[in-house]
Number of protein chains: 2
Amino acid sequence: MTKAENTTRQKIVETARALFHEQGYHATGMATILRLAGVNSGSLYHFFPSKEALLEAVLESYLGGLGPMLIDPVEAAFGDPVERIFGLLDQYRQALLMTDFSYGCPIGNLALEMGADDGDVARLIADNFAAWRDAIEGWLSAAFSAKDVDISGLTALTLAVMEGALMQARVAKKIEPFDEAVAQYRKMLGT
Amino acid sequence: MTKAENTTRQKIVETARALFHEQGYHATGMATILRLAGVNSGSLYHFFPSKEALLEAVLESYLGGLGPMLIDPVEAAFGDPVERIFGLLDQYRQALLMTDFSYGCPIGNLALEMGADDGDVARLIADNFAAWRDAIEGWLSAAFSAKDVDISGLTALTLAVMEGALMQARVAKKIEPFDEAVAQYRKMLGT
DNA sequence: TATTGAGTTGAATGATCAATCAAATTATTT
DNA sequence: AAATAATTTGATTGATCATTCAACTCAATA
(Lines give C-alpha, C1' and ligand atoms only; values in the text may rest on other atoms or scores of the structure.)
Protein backbone atom coordinates (compact mmCIF):
# COMPACT_ATOMS: atom_id res chain seq x y z
CA MET A 1 0.00 0.00 0.00
CA THR A 2 0.84 3.72 -0.26
CA LYS A 3 3.01 3.20 -3.34
CA ALA A 4 4.14 6.12 -5.52
CA GLU A 5 1.62 8.64 -4.20
CA ASN A 6 -0.06 11.24 -6.35
CA THR A 7 2.03 14.39 -6.39
CA THR A 8 -0.81 16.85 -5.70
CA ARG A 9 -1.93 14.83 -2.74
CA GLN A 10 1.65 14.72 -1.49
CA LYS A 11 2.06 18.47 -1.83
CA ILE A 12 -1.13 19.05 0.15
CA VAL A 13 -0.19 16.67 2.96
CA GLU A 14 3.33 18.06 3.26
CA THR A 15 2.13 21.66 3.28
CA ALA A 16 -0.51 20.86 5.85
CA ARG A 17 2.00 18.97 7.94
CA ALA A 18 4.37 21.93 8.00
CA LEU A 19 1.62 24.43 8.81
CA PHE A 20 -0.07 22.31 11.47
CA HIS A 21 3.35 21.93 13.05
CA GLU A 22 4.28 25.60 12.91
CA GLN A 23 0.91 27.13 13.74
CA GLY A 24 -1.26 24.36 15.11
CA TYR A 25 -4.36 22.78 13.60
CA HIS A 26 -7.03 25.35 14.45
CA ALA A 27 -4.76 28.30 13.75
CA THR A 28 -4.12 27.05 10.22
CA GLY A 29 -6.72 27.99 7.63
CA MET A 30 -7.50 25.92 4.57
CA ALA A 31 -6.89 29.02 2.45
CA THR A 32 -3.29 29.14 3.67
CA ILE A 33 -2.72 25.47 2.94
CA LEU A 34 -4.16 25.95 -0.55
CA ARG A 35 -2.07 29.02 -1.27
CA LEU A 36 1.23 27.53 -0.08
CA ALA A 37 0.58 24.21 -1.78
CA GLY A 38 -0.39 26.01 -4.98
CA VAL A 39 -3.59 24.04 -5.27
CA ASN A 40 -7.26 24.90 -5.68
CA SER A 41 -9.82 24.03 -3.10
CA GLY A 42 -11.62 21.61 -5.41
CA SER A 43 -8.45 19.58 -5.82
CA LEU A 44 -7.92 19.38 -2.11
CA TYR A 45 -11.48 18.29 -1.49
CA HIS A 46 -11.15 15.75 -4.27
CA PHE A 47 -8.57 13.96 -2.10
CA PHE A 48 -9.77 14.87 1.38
CA PRO A 49 -13.40 15.22 2.39
CA SER A 50 -12.60 17.61 5.23
CA LYS A 51 -9.90 19.43 7.15
CA GLU A 52 -10.04 16.73 9.78
CA ALA A 53 -9.48 14.04 7.14
CA LEU A 54 -6.42 15.99 6.02
CA LEU A 55 -5.15 16.01 9.59
CA GLU A 56 -5.64 12.26 9.69
CA ALA A 57 -3.53 11.92 6.54
CA VAL A 58 -0.85 14.05 8.17
CA LEU A 59 -0.88 11.83 11.25
CA GLU A 60 -0.64 8.75 9.04
CA SER A 61 2.35 10.26 7.28
CA TYR A 62 4.02 10.87 10.66
CA LEU A 63 3.34 7.27 11.54
CA GLY A 64 4.81 6.04 8.27
CA GLY A 65 7.78 8.38 8.48
CA LEU A 66 8.80 7.55 12.03
CA GLY A 67 10.91 4.56 11.03
CA PRO A 68 12.59 5.77 7.84
CA MET A 69 12.98 9.39 8.96
CA LEU A 70 13.95 9.06 12.62
CA ILE A 71 14.46 5.56 13.99
CA ASP A 72 16.44 4.08 11.09
CA PRO A 73 18.95 6.97 10.81
CA VAL A 74 19.58 6.87 14.55
CA GLU A 75 20.03 3.10 14.48
CA ALA A 76 22.45 3.48 11.59
CA ALA A 77 24.44 6.12 13.43
CA PHE A 78 24.60 4.40 16.80
CA GLY A 79 25.03 0.75 17.62
CA ASP A 80 24.59 0.95 21.35
CA PRO A 81 20.90 1.06 22.29
CA VAL A 82 21.40 3.62 25.06
CA GLU A 83 23.36 5.84 22.71
CA ARG A 84 20.45 5.58 20.30
CA ILE A 85 18.13 7.11 22.87
CA PHE A 86 20.48 10.02 23.43
CA GLY A 87 20.93 10.30 19.68
CA LEU A 88 17.19 10.82 19.37
CA LEU A 89 17.22 13.35 22.19
CA ASP A 90 20.04 15.17 20.43
CA GLN A 91 17.90 15.45 17.30
CA TYR A 92 15.34 17.34 19.35
CA ARG A 93 18.11 19.45 20.84
CA GLN A 94 19.41 20.42 17.42
CA ALA A 95 15.90 21.23 16.22
CA LEU A 96 15.39 23.50 19.22
CA LEU A 97 18.63 25.37 18.58
CA MET A 98 18.11 25.68 14.83
CA THR A 99 14.59 27.08 15.16
CA ASP A 100 15.36 29.45 18.02
CA PHE A 101 13.24 27.29 20.35
CA SER A 102 10.12 27.33 18.22
CA TYR A 103 10.36 23.63 17.41
CA GLY A 104 7.90 21.41 19.19
CA CYS A 105 7.15 17.73 18.96
CA PRO A 106 4.52 17.57 16.18
CA ILE A 107 2.68 14.70 17.81
CA GLY A 108 2.88 16.18 21.30
CA ASN A 109 1.59 19.51 20.02
CA LEU A 110 -1.37 17.91 18.31
CA ALA A 111 -1.99 15.62 21.26
CA LEU A 112 -2.51 18.57 23.60
CA GLU A 113 -4.34 20.77 21.10
CA MET A 114 -6.77 18.02 20.06
CA GLY A 115 -7.14 16.62 23.57
CA ALA A 116 -10.91 17.09 23.48
CA ASP A 117 -11.19 15.01 20.32
CA ASP A 118 -12.45 11.45 20.54
CA GLY A 119 -12.51 10.05 17.01
CA ASP A 120 -10.00 8.89 14.41
CA VAL A 121 -7.68 11.77 15.23
CA ALA A 122 -7.32 10.68 18.84
CA ARG A 123 -6.71 7.11 17.74
CA LEU A 124 -4.02 8.15 15.27
CA ILE A 125 -2.28 10.28 17.88
CA ALA A 126 -2.33 7.28 20.22
CA ASP A 127 -0.94 5.12 17.40
CA ASN A 128 1.91 7.55 16.89
CA PHE A 129 2.74 7.57 20.58
CA ALA A 130 2.59 3.78 20.65
CA ALA A 131 5.05 3.60 17.76
CA TRP A 132 7.46 5.86 19.61
CA ARG A 133 6.99 3.76 22.70
CA ASP A 134 7.77 0.57 20.81
CA ALA A 135 10.98 1.95 19.34
CA ILE A 136 12.27 3.18 22.70
CA GLU A 137 11.12 0.08 24.53
CA GLY A 138 13.05 -2.05 22.04
CA TRP A 139 16.24 -0.14 22.70
CA LEU A 140 15.79 -0.24 26.46
CA SER A 141 15.12 -3.96 26.32
CA ALA A 142 18.32 -4.51 24.39
CA ALA A 143 20.22 -2.53 27.00
CA PHE A 144 18.63 -3.66 30.26
CA SER A 145 16.60 -6.82 29.74
CA ALA A 146 19.12 -8.95 31.61
CA LYS A 147 19.11 -6.68 34.64
CA ASP A 148 16.30 -6.14 37.08
CA VAL A 149 14.71 -3.15 35.40
CA ASP A 150 11.08 -2.23 34.70
CA ILE A 151 11.42 -1.74 30.94
CA SER A 152 7.88 -0.50 30.45
CA GLY A 153 8.23 2.04 33.24
CA LEU A 154 11.58 3.18 31.97
CA THR A 155 10.04 3.68 28.54
CA ALA A 156 7.27 5.83 30.00
CA LEU A 157 9.84 7.89 31.88
CA THR A 158 11.96 8.28 28.74
CA LEU A 159 9.03 9.56 26.70
CA ALA A 160 8.08 11.89 29.54
CA VAL A 161 11.60 13.32 29.60
CA MET A 162 11.55 13.84 25.85
CA GLU A 163 8.25 15.66 25.77
CA GLY A 164 8.69 17.46 29.06
CA ALA A 165 12.21 18.66 28.41
CA LEU A 166 11.25 19.89 24.96
CA MET A 167 8.27 21.75 26.35
CA GLN A 168 10.31 23.49 29.03
CA ALA A 169 13.07 24.62 26.70
CA ARG A 170 10.54 25.90 24.22
CA VAL A 171 8.67 27.90 26.83
CA ALA A 172 11.81 29.29 28.47
CA LYS A 173 13.41 29.91 25.07
CA LYS A 174 16.70 28.48 26.32
CA ILE A 175 18.38 25.11 26.11
CA GLU A 176 19.29 24.72 29.77
CA PRO A 177 16.13 23.01 31.02
CA PHE A 178 16.45 20.48 28.22
CA ASP A 179 20.11 19.77 28.88
CA GLU A 180 19.60 19.58 32.62
CA ALA A 181 16.67 17.19 32.39
CA VAL A 182 18.55 14.97 29.94
CA ALA A 183 21.64 15.00 32.15
CA GLN A 184 19.60 13.87 35.14
CA TYR A 185 17.96 11.19 33.04
CA ARG A 186 21.38 10.01 31.87
CA LYS A 187 22.64 9.83 35.43
CA MET A 188 19.59 7.79 36.38
CA LEU A 189 20.17 5.33 33.55
CA GLY A 190 23.74 4.88 34.73
CA THR A 191 22.77 3.66 38.18
CA MET B 1 -3.59 44.95 43.55
CA THR B 2 -6.36 42.63 42.31
CA LYS B 3 -8.55 43.38 45.31
CA ALA B 4 -12.23 42.34 45.35
CA GLU B 5 -12.61 41.94 41.61
CA ASN B 6 -15.68 42.96 39.68
CA THR B 7 -18.09 40.06 39.48
CA THR B 8 -18.81 40.31 35.74
CA ARG B 9 -15.13 40.35 35.01
CA GLN B 10 -14.65 37.34 37.26
CA LYS B 11 -17.42 35.40 35.57
CA ILE B 12 -15.88 36.06 32.16
CA VAL B 13 -12.38 35.04 33.22
CA GLU B 14 -13.58 31.88 34.93
CA THR B 15 -15.75 30.84 32.00
CA ALA B 16 -12.93 31.52 29.56
CA ARG B 17 -10.49 29.62 31.75
CA ALA B 18 -12.73 26.55 31.81
CA LEU B 19 -13.38 26.64 28.07
CA PHE B 20 -9.77 27.29 27.09
CA HIS B 21 -8.84 24.36 29.27
CA GLU B 22 -11.47 21.98 27.92
CA GLN B 23 -11.39 22.96 24.26
CA GLY B 24 -8.25 24.97 23.72
CA TYR B 25 -7.90 28.65 22.86
CA HIS B 26 -8.58 28.64 19.13
CA ALA B 27 -11.35 26.07 19.38
CA THR B 28 -13.22 28.30 21.82
CA GLY B 29 -15.39 31.00 20.30
CA MET B 30 -16.21 34.28 21.99
CA ALA B 31 -19.90 33.53 21.43
CA THR B 32 -19.59 30.42 23.60
CA ILE B 33 -17.81 32.30 26.35
CA LEU B 34 -20.50 34.98 26.29
CA ARG B 35 -23.36 32.48 26.35
CA LEU B 36 -21.96 30.41 29.22
CA ALA B 37 -20.94 33.47 31.22
CA GLY B 38 -24.37 35.03 30.65
CA VAL B 39 -22.84 38.28 29.48
CA ASN B 40 -23.19 40.49 26.43
CA SER B 41 -20.34 41.10 24.07
CA GLY B 42 -20.16 44.77 24.89
CA SER B 43 -19.60 43.98 28.56
CA LEU B 44 -16.80 41.61 27.74
CA TYR B 45 -15.12 44.11 25.48
CA HIS B 46 -15.54 46.76 28.13
CA PHE B 47 -13.14 44.77 30.31
CA PHE B 48 -11.01 43.07 27.67
CA PRO B 49 -10.00 44.73 24.40
CA SER B 50 -9.54 41.40 22.62
CA LYS B 51 -9.71 37.63 22.91
CA GLU B 52 -5.96 37.57 23.40
CA ALA B 53 -6.24 40.05 26.29
CA LEU B 54 -8.79 37.71 27.86
CA LEU B 55 -6.33 34.85 27.52
CA GLU B 56 -3.74 37.00 29.25
CA ALA B 57 -6.14 37.58 32.13
CA VAL B 58 -6.72 33.82 32.33
CA LEU B 59 -2.97 33.21 32.47
CA GLU B 60 -2.62 35.84 35.18
CA SER B 61 -5.34 34.13 37.16
CA TYR B 62 -3.48 30.82 36.86
CA LEU B 63 -0.37 32.56 38.11
CA GLY B 64 -2.21 34.06 41.04
CA GLY B 65 -4.01 30.83 41.85
CA LEU B 66 -0.98 28.57 41.83
CA GLY B 67 -0.05 29.25 45.43
CA PRO B 68 -3.46 29.34 47.14
CA MET B 69 -5.04 26.64 44.97
CA LEU B 70 -2.25 24.11 44.58
CA ILE B 71 0.97 24.75 46.46
CA ASP B 72 -0.49 25.83 49.80
CA PRO B 73 -2.94 22.90 50.13
CA VAL B 74 -0.19 20.44 49.30
CA GLU B 75 2.16 22.06 51.79
CA ALA B 76 -0.57 21.92 54.41
CA ALA B 77 -1.22 18.24 53.74
CA PHE B 78 2.40 17.11 53.63
CA GLY B 79 5.33 18.19 55.72
CA ASP B 80 8.04 16.26 53.95
CA PRO B 81 9.20 18.10 50.82
CA VAL B 82 9.50 14.91 48.76
CA GLU B 83 6.02 13.85 49.79
CA ARG B 84 4.80 17.23 48.64
CA ILE B 85 6.04 16.54 45.13
CA PHE B 86 4.23 13.24 45.03
CA GLY B 87 1.20 14.89 46.54
CA LEU B 88 1.15 17.27 43.59
CA LEU B 89 1.58 14.39 41.16
CA ASP B 90 -1.31 12.63 42.84
CA GLN B 91 -3.52 15.67 42.23
CA TYR B 92 -2.86 15.22 38.52
CA ARG B 93 -3.54 11.52 38.85
CA GLN B 94 -6.90 12.12 40.49
CA ALA B 95 -7.83 14.68 37.85
CA LEU B 96 -7.02 12.17 35.11
CA LEU B 97 -9.17 9.49 36.68
CA MET B 98 -12.08 11.79 37.47
CA THR B 99 -12.25 13.20 33.93
CA ASP B 100 -11.80 9.90 32.13
CA PHE B 101 -8.35 11.06 30.98
CA SER B 102 -9.51 14.27 29.38
CA TYR B 103 -7.72 16.44 31.96
CA GLY B 104 -4.60 18.16 30.75
CA CYS B 105 -2.24 20.64 32.36
CA PRO B 106 -3.84 24.00 31.50
CA ILE B 107 -0.49 25.71 31.16
CA GLY B 108 1.10 22.86 29.22
CA ASN B 109 -1.84 22.75 26.83
CA LEU B 110 -1.65 26.47 26.16
CA ALA B 111 2.14 26.35 25.95
CA LEU B 112 2.02 23.89 23.06
CA GLU B 113 -1.01 25.39 21.34
CA MET B 114 0.36 28.94 21.45
CA GLY B 115 3.93 27.90 20.72
CA ALA B 116 4.08 30.17 17.69
CA ASP B 117 3.16 33.19 19.79
CA ASP B 118 5.81 35.68 20.79
CA GLY B 119 4.15 38.42 22.81
CA ASP B 120 2.62 38.85 26.24
CA VAL B 121 0.99 35.43 26.05
CA ALA B 122 4.33 33.68 25.64
CA ARG B 123 5.77 35.69 28.52
CA LEU B 124 2.86 34.81 30.80
CA ILE B 125 3.17 31.14 29.96
CA ALA B 126 6.86 31.34 30.78
CA ASP B 127 6.00 33.11 34.05
CA ASN B 128 3.62 30.32 34.98
CA PHE B 129 6.23 27.68 34.27
CA ALA B 130 8.77 29.64 36.26
CA ALA B 131 6.40 29.75 39.23
CA TRP B 132 5.94 26.00 39.08
CA ARG B 133 9.69 25.59 38.80
CA ASP B 134 10.26 27.76 41.87
CA ALA B 135 7.83 25.80 44.00
CA ILE B 136 9.32 22.44 43.06
CA GLU B 137 12.87 23.70 43.31
CA GLY B 138 12.14 24.92 46.82
CA TRP B 139 10.93 21.51 47.88
CA LEU B 140 13.85 19.72 46.26
CA SER B 141 16.27 22.11 47.92
CA ALA B 142 14.77 21.37 51.29
CA ALA B 143 15.15 17.66 50.66
CA PHE B 144 18.51 17.43 48.95
CA SER B 145 20.47 20.65 49.41
CA ALA B 146 22.89 19.01 51.78
CA LYS B 147 23.68 16.16 49.43
CA ASP B 148 25.55 16.33 46.16
CA VAL B 149 22.56 16.83 43.90
CA ASP B 150 21.94 19.14 40.94
CA ILE B 151 18.79 20.79 42.27
CA SER B 152 18.11 22.77 39.12
CA GLY B 153 18.48 19.70 36.94
CA LEU B 154 16.31 17.64 39.24
CA THR B 155 13.66 20.34 39.03
CA ALA B 156 13.71 20.25 35.25
CA LEU B 157 13.40 16.48 35.31
CA THR B 158 10.52 16.67 37.79
CA LEU B 159 8.59 19.08 35.62
CA ALA B 160 9.30 16.94 32.58
CA VAL B 161 7.92 13.89 34.35
CA MET B 162 4.79 15.78 35.37
CA GLU B 163 4.01 17.08 31.92
CA GLY B 164 5.21 14.02 30.04
CA ALA B 165 3.45 11.48 32.22
CA LEU B 166 0.22 13.45 32.05
CA MET B 167 0.45 13.68 28.27
CA GLN B 168 1.01 9.96 27.84
CA ALA B 169 -1.85 8.90 30.10
CA ARG B 170 -4.17 11.32 28.38
CA VAL B 171 -3.28 10.08 24.91
CA ALA B 172 -3.42 6.39 25.88
CA LYS B 173 -6.57 6.94 27.93
CA LYS B 174 -5.17 4.81 30.73
CA ILE B 175 -3.36 5.52 33.98
CA GLU B 176 -0.51 3.03 33.55
CA PRO B 177 1.98 5.26 31.74
CA PHE B 178 1.50 7.90 34.41
CA ASP B 179 1.94 5.48 37.29
CA GLU B 180 4.92 3.79 35.68
CA ALA B 181 6.72 7.05 34.94
CA VAL B 182 6.10 8.32 38.46
CA ALA B 183 7.27 5.01 39.96
CA GLN B 184 10.51 5.25 38.02
CA TYR B 185 10.93 8.84 39.07
CA ARG B 186 10.36 7.85 42.68
CA LYS B 187 12.96 5.10 42.45
CA MET B 188 15.39 7.60 40.99
CA LEU B 189 14.84 10.05 43.83
CA GLY B 190 15.54 7.28 46.32
CA THR B 191 19.04 6.59 45.05
C1' DT C 1 -11.35 8.19 -32.03
C1' DA C 2 -14.92 7.94 -28.83
C1' DT C 3 -15.72 7.12 -24.02
C1' DT C 4 -14.83 7.25 -19.38
C1' DG C 5 -13.34 8.92 -15.14
C1' DA C 6 -9.85 10.97 -12.39
C1' DG C 7 -8.20 15.39 -11.50
C1' DT C 8 -8.66 20.52 -11.70
C1' DT C 9 -10.64 25.13 -11.88
C1' DG C 10 -12.11 29.03 -9.00
C1' DA C 11 -16.11 31.60 -7.93
C1' DA C 12 -19.72 31.15 -4.62
C1' DT C 13 -22.02 29.57 -0.22
C1' DG C 14 -23.64 30.00 4.39
C1' DA C 15 -21.77 29.74 8.84
C1' DT C 16 -19.05 31.47 12.25
C1' DC C 17 -15.37 34.43 13.64
C1' DA C 18 -13.75 38.40 16.68
C1' DA C 19 -14.95 42.91 17.33
C1' DT C 20 -17.78 47.45 17.26
C1' DC C 21 -20.78 51.08 18.87
C1' DA C 22 -24.56 54.13 19.88
C1' DA C 23 -27.96 54.03 23.12
C1' DA C 24 -29.74 52.68 27.62
C1' DT C 25 -29.08 51.67 32.34
C1' DT C 26 -26.96 51.63 36.78
C1' DA C 27 -23.67 53.23 40.22
C1' DT C 28 -20.84 56.81 42.08
C1' DT C 29 -19.61 61.36 43.12
C1' DT C 30 -20.60 66.27 43.71
C1' DA D 1 -30.88 66.07 43.23
C1' DA D 2 -27.86 66.78 39.53
C1' DA D 3 -23.91 65.48 37.11
C1' DT D 4 -20.64 62.28 35.91
C1' DA D 5 -18.70 57.93 35.26
C1' DA D 6 -18.96 53.01 34.85
C1' DT D 7 -21.25 49.31 33.04
C1' DT D 8 -24.56 46.86 30.06
C1' DT D 9 -27.45 46.08 26.05
C1' DG D 10 -27.63 43.57 21.66
C1' DA D 11 -27.95 44.25 16.91
C1' DT D 12 -24.57 44.71 13.45
C1' DT D 13 -20.13 44.64 10.99
C1' DG D 14 -16.76 42.90 7.75
C1' DA D 15 -13.53 39.31 7.67
C1' DT D 16 -12.51 34.75 7.54
C1' DC D 17 -13.95 30.03 8.11
C1' DA D 18 -14.49 25.30 5.87
C1' DT D 19 -16.85 23.52 2.16
C1' DT D 20 -19.45 23.02 -2.34
C1' DC D 21 -20.21 22.54 -7.21
C1' DA D 22 -20.89 22.85 -12.10
C1' DA D 23 -17.94 23.27 -15.70
C1' DC D 24 -13.59 22.08 -17.59
C1' DT D 25 -9.11 19.57 -18.80
C1' DC D 26 -6.53 15.74 -19.56
C1' DA D 27 -4.86 11.03 -19.45
C1' DA D 28 -6.05 6.23 -19.91
C1' DT D 29 -8.64 2.73 -22.08
C1' DA D 30 -11.65 0.41 -25.40
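**View 1. Contact between chain A and chain B in the predicted model.** The contact brings together 40 residues of chain A and 40 residues of chain B. About 3300 Å² is buried between the two chains, with 65% of this area on carbon and sulfur atoms. A:Leu112, A:Met167 and A:Gln184 account for 19% of the area that chain A buries against chain B, more than any other three residues.

**View 2. Polar pairs and contributing helices at the interface of chain A and chain B.** The rule identifies 6 residue pairs in polar contact across this interface, both residues at pLDDT 80 or more. Two or more residues each are given to the side of chain A that touches chain B by helices H1 (7-23), H6 (106-113), H7 (120-144), H8 (151-172) and H9 (176-190) of chain A. H8(A) gives the most, with 15 residues. By class, this side of chain A comprises 20 nonpolar, 10 polar and 10 charged residues.

**View 3. Salt bridge between A:Lys173 and B:Asp118.** The closest N and O atoms of this pair lie 3.4 Å apart. Across the interface of chain A and chain B, the rule finds 2 salt bridges.

**View 4. Domain 1 (1-48) and domain 2 (61-190) of chain A.** The centres of the two domains, taken over C-alpha atoms, are separated by 26 Å. Their contact takes 6 residues from domain 1 and 10 residues from domain 2.

**View 5. Interface of domain 1 and domain 2 of chain A.** The domains bury about 660 Å² between them, 58% of it on carbon and sulfur atoms. A:Arg17, A:His21 and A:Tyr25 supply 72% of the area that domain 1 buries against domain 2, more than any other three residues. Between these domains the rule finds 0 salt bridges, while 4 residue pairs are in polar contact, both residues at pLDDT 80 or more.

Definitions and conventions: Residues are numbered from 1 along each chain as its sequence is written. Chains are lettered from A and ligands numbered from 1 in the order in which they are written. This is a predicted model: local features need pLDDT of at least 70, side-chain atom pairs count only at pLDDT 80 or more; totals for chains, interfaces and linings use all residues. Side-chain values use heavy atoms; hydrogens and water are left out. Contact means heavy atoms within 4.5 Å. Buried area is the accessible area (1.4 Å probe) that two parts lose on being put together, summed over both. A salt bridge is a side-chain nitrogen of Lys or Arg within 4 Å of a carboxyl oxygen of Asp or Glu. A polar contact is a pair of N or O atoms within 3.5 Å; within protein, one must be able to donate a hydrogen and the other to accept it, and residues adjacent in sequence count only if both atoms are side-chain atoms. Helices (H or I, at least four residues) and strands (E, at least two) are DSSP runs, numbered from the N terminus. Ala, Val, Leu, Ile, Met, Phe, Trp, Tyr, Cys and Pro count as nonpolar, Asp, Glu, Lys and Arg as charged, and the others, Gly among them, as polar. Domain bounds come from an automatic or database domain assignment.
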